Amino acid sequence: MNHLWNLIRKELKELLTPASVISIIVVAVVFASMGGMIGSETEKLEELPTIGVINGDDDGSSDYYDVAYDYMQGIYGSSSDRIIGFSSDFDDVDSILKEMDERGVYIVLAFDADYSNDIAAGGQGIINVYWGEVRTGAFGAVSTYIVDSLISGINTETAAGIVGGEEKLFPVHSNNFTMFNGKIYEKTTPSDISSALQSQSILMPILIMIIITMIGGMIISSMGNEKENKTLETLLTLPVKRTTIVSGKLIGSAIAGLIFGIVYLVGMYFYTNSMSSGSLSLSSLGLTLSITDWGIVAVVIFLAILSALGICMILGAFVKNYKAAQTLTLPISVLAMIPMFVTMFTDFSTLPAVFQVILFAIPFTHPMMIMNNIMLGNTLMIWAGLGYLLLFSMVTIYITVRIYRSDILLTGLVRKKGKKSIFSIFSRARD
Amino acid sequence: MADALVVRDLSKRYGDHLAVDNVSFSVKEGEIFGLIGPNGAGKTTTLRIISTLLTMTSGSVSVCGNDMRTDADGIRKCISYLPEDAGAYKDLTGRSYLNFMAGFFTGGSDTEKMVAKGIGIANLGERIDSKVSTYSKGMMRRLLIARAIMPGPKLAILDEITSGLDVMNAFEIRDVVRNIAKDGVSVLLSSHNMFEVDQLCDRIAMIDNGKMILEGTPSELKERFGVDTVEEVFIRAAVKR
Ligand SMILES: Nc1ncnc2c1ncn2[C@@H]1O[C@H](COP(=O)(O)OP(=O)(O)O)[C@@H](O)[C@H]1O
Ligand SMILES: [Mg+2]
C-alpha cells in the first residue's frame, strides 16, 4: 500500500504540471464555445417536413381555415403532398398521437372548433401543434423553426384577409404539445426540450472526448518518457510487485483524469448557465438525477477512464521513446471522437444495428450516453454498458499486467518466423 | 567466500537471434566483476536477465542464493540495477528523486537516513535541490549511482556507467564504484572500455557475439597472452577464434 501511494504521488506530480493544467483549461474553453456554435446552427438546417392537418373548424363558416390551408399549400408548392389530412378529432389527443405513429408523421396542426368564429369575432383562432417523440442528440429534434414561420405566415395572411372586422395583428394563436419520453408536455416545443438536454447531448460527449484524449495522450507520453529515461526499467527491478507498479500508474493517471474532468465540468457548468437563460430547465421536465444516479454516472466515467488508460498502457508498452509516443495517441483520440460525433448528432436508438454494436463496443460511448440513458430510463443500456465497461477495463488491465511481466515492455515485439510473439505474454510470462 | 551471483549456461534468444550463448560466470562477495566486449556482444542482455527484466531462454541464474525462476522477488530485494544511459523523472529535484526511490525500501526515519546516504554519494552540493532536467550527464550519473547504492544492495549491476562521460567525471565515477566494493557490495558492471575494466575490475569476462571467450583477473589474462593491456588480450583472443 505504501509503495502504491509512493507511485501514485509520483504519477500525479508528473501529470499535474502547471503547463498541462493550463493547456487543459484553454482547450476546455475552445471546445465549450464550439458547443455553443453547434447549438445555434441547428435551427437553420431544415427542409419542409411532412405535416398533418386536422380541420376541427367544421361548424359554421370555415373561411379562415381555408386561408391557412391555402397559404400552407402555397408554401409547400410542388411538395404539397407532404401536407396530410388527418382523420382524428382535433381534441382527441390519444387518437392524434396514434395516427401520427401510424402515418409516420411528426408534426400535426389541429385547428380548433371555433377557429374561424373566434377570428371573425375579433379574438384569436387557436391552432394546437402536436410534436412526436423528441429524439435526443443535438440534431435529433426537428427544429420548431419551420412551424414557427408557418404560423406567423398564417397570421399575416389571415390578418390581411379579415374583412369588415377590427384590424388585428395576430389573429392566430398556437399551442405546442410535445411528446417526450412517453409523456405530453404542454406549452413546450421540441427545441425547448433539446436545449434543456443540450448539456447532456453535446457537452457530455465533448467533455468525455477531451478527458479521454488528454489523459490518454499524457499516459502514453509518460510511458515514452519512462522508456527513454529508463526509469521504467529501474522501477521494474525494485522490490515492488508488478501489479503495484501497474496500479500506481493507472490510479495516478485516473485521479489526474478525474481532476481534469472536474475542471471541465465546472467550466462548462458556468458556460451553460450563462447560455441557457430563458429556456426550459431539466427539472421542469421531471428530469433530475438522484444521488444513486450521480453515483452511476461517476462509476461509468471512472470505468471509461480506466479503460482508456488500459488501452494506452498497452499501446505505451510498445513505444520506444517520447517522440514515438506522440503518434500513438491518434488511435485513442479517434476512438473517442467517433462516439462523440455520433452521440452528438444522432440518437443511438435510431441507428442501424451494426452501428449500434460498433458504438456499444467502444467503451467511451457509454459515459457519453449515460446521463440521457438514466434520464430516459433506458435501464438495459445502463446496466449492459456498465457491465461491458467493467469487463473491458478488467481485460485491458489484465493484459497490461501480463505485458509488464513479460519481455515485451523492454524489447517490443520480436518477430519469429511465421509467428509474432505477442502471444508470448500469455505463455512466457513470469512474475 | 560465498558467491553473490552464479550464472550457468545462460542463453537468450530474440526471435531467431541468439544474443547470449551459453554464458557461465560467478561473482564473489565484495568483488568487482566486469563484462567486456564490443557493442552488440550481449552485455546489456545478460545484465537485464540478471536484473529480472528479461526472461532467459535457457540456463540458470542465482543471486544471493535466490533462484531466478522461482524467486525473482527475492532477487529484486538484494540487487540494484543501473541501466545504460538512464535518466530520472525530469520534474523532480535530485533530492525528491532519492526520496521517491528510498520509499520503496524503508519507511519513517530510516528513509531520511537512506536519502542522506544517497546525497553523500551523489556529492552534488546545492544542486541536489535543482531539477534533474538541469543536470549535466556527469551529475545525472552520480545521482543515479547514489540511488543504486543507498539501499545497500548485495549486488550492484551497472551497465556502461562511464559511457559518454568526460575524463574527469569518468574518473570520479570509477572512484565511487571502488568505494562501493570496499563496503562489501559485489559489483557486476559492463563496459566496452578495456582500459576502464583493467583499472577497476578484480575479474573480467570477455564476451563477443553472445559467447564468453575468456575469464580471469586482468593481470592473469595479460600474462597468459604476454601483452601489456587488456585491449590487446581481447584482440588476440578474438583473432584466435
Ligand atoms: N529487443 C531486441 N530485439 C532483438 N534483438 C535485440 C534486442 N535487444 C538487443 N538485441 C540484439 O542482441 C544483441 C546483444 O545486444 P546487447 O545485449 O544490447 O549488447 P551490448 O550491451 O553488449 O552492446 C545485439 O546483436 C542486439 O542487436
Ligand atoms: Mg549495452
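Modeller: Gladly, and keep in mind that this is a predicted model. A disulfide is a covalent bond between the sulfur atoms of two cysteines. Take C201(B): the closest cysteine sulfur belongs to C64(B) and is 19 Å away, which is too far for a bond.

Colleague: Is C201(B) buried or exposed?

Modeller: C201(B) is buried, with a relative accessible area of 7%.

Colleague: And how far is the sulfur of C78(B) from the closest cysteine sulfur?

Modeller: That distance is 3.5 Å, again to C64(B), and it is too far for a bond, because a disulfide needs the two sulfur atoms within 2.5 Å. C78(B) counts as buried too, at 6% relative accessibility.

Colleague: How many disulfides turn up over all chains?

Modeller: The search of the whole structure finds 0.

Colleague: Let's turn to charges. How should I read a salt bridge?

Modeller: Side chains of opposite charge can pair when their charged atoms come close. Over all chains, the search finds 21 salt bridges. One of them joins D407(A) to K12(B), with 2.4 Å between the closest N and O atoms. This pair crosses between chains: D407(A) sits in the loop between α15 and α16 of chain A, and K12(B) in strand β1 of chain B.

Colleague: Are those two partners buried or exposed?

Modeller: D407(A) is buried at a relative accessible area of 7%, and K12(B) is buried at 1%. Buried here means under 20% relative accessible area.

Colleague: Which strands of chain B are linked by the pair D21(B) and K211(B)?

Modeller: First the bridge itself: the side chains of D21(B) and K211(B) meet at 2.9 Å, N to O. The pair links distant parts of the chain, from strand β2, which holds D21(B), to strand β10, which holds K211(B), and the two are 190 residues apart. D21(B) counts as buried at 17% relative accessibility, whereas K211(B) is partly exposed at 38%.

Colleague: What about a salt bridge inside a helix?

Modeller: An α-helix has 3.6 residues a turn, so residues three or four places apart point the same way. R76(B) and D73(B) form a salt bridge of 2.9 Å, N to O. Both lie in helix α2 of chain B, 3 residues apart, or about one turn of the helix. R76(B) is buried at 1% relative accessibility, while D73(B) is partly exposed at 26%. Salt bridges can also share partners, as in the network that joins K10(A), E11(A), E14(A), E226(A) and K249(A).

Colleague: Now the helices. How do I check the length of one?

Modeller: Compare the expected span with the distance between the end C-alpha atoms. Helix α11 of chain A has 27 residues, which at 1.5 Å a residue should span 39 Å; the end C-alpha atoms are 38 Å apart, so the two values agree.

Colleague: How enclosed is α11(A)?

Modeller: Of its 27 residues, 19 are buried, so α11(A) is largely enclosed by the rest of the structure. In α12(A), the buried residues include A325(A), I332(A), P339(A) and M344(A).

Colleague: And chain A as a whole?

Modeller: Chain A has 17 helices and 6 strands, and 52% of its 431 residues count as buried. The accessible surface of chain A comes to about 19300 Å², with 62% of that belonging to carbon and sulfur atoms.

Colleague: Which residues make up the nonpolar surface patch?

Modeller: V21(A), I25(A), V29(A), I251(A), I255(A), I259(A) and V263(A) form a patch of about 480 Å². Helices α2 and α10 of chain A each supply at least two of its residues, and α10(A) gives the largest share, 4 residues. I255(A), found in α10, is partly exposed with a relative accessible area of 32%.

Colleague: One last stop: what does G103(B) touch, apart from its neighbours within four places in sequence?

Modeller: G103(B) is in contact with H3(A), N6(A) and T111(B). G103(B) lies in the loop between α3 and α4 of chain B and counts as buried at 16% relative accessibility.

Conventions: Residues numbered from 1 in each chain as written. Chains lettered and ligands numbered in written order. Predicted model: local features only at pLDDT ≥ 70, side-chain atom pairs only at ≥ 80, totals over all residues. Heavy atoms only, no water. Patch = residues over 30% accessible without salt bridge, like charges linked within 9 Å, V, L, I, M, F, W, Y side chains within 5 Å. Areas by Shrake-Rupley, 256 points an atom, 1.4 Å probe, with all protein chains shown as cover. Salt bridge = Lys/Arg side-chain N within 4 Å of Asp/Glu carboxyl O. Buried < 20%, exposed > 50% of the residue type's maximum accessible area, 1.4 Å probe, protein only. Contact = heavy atoms within 4.5 Å. Expected span 1.5 Å × (residues − 1).
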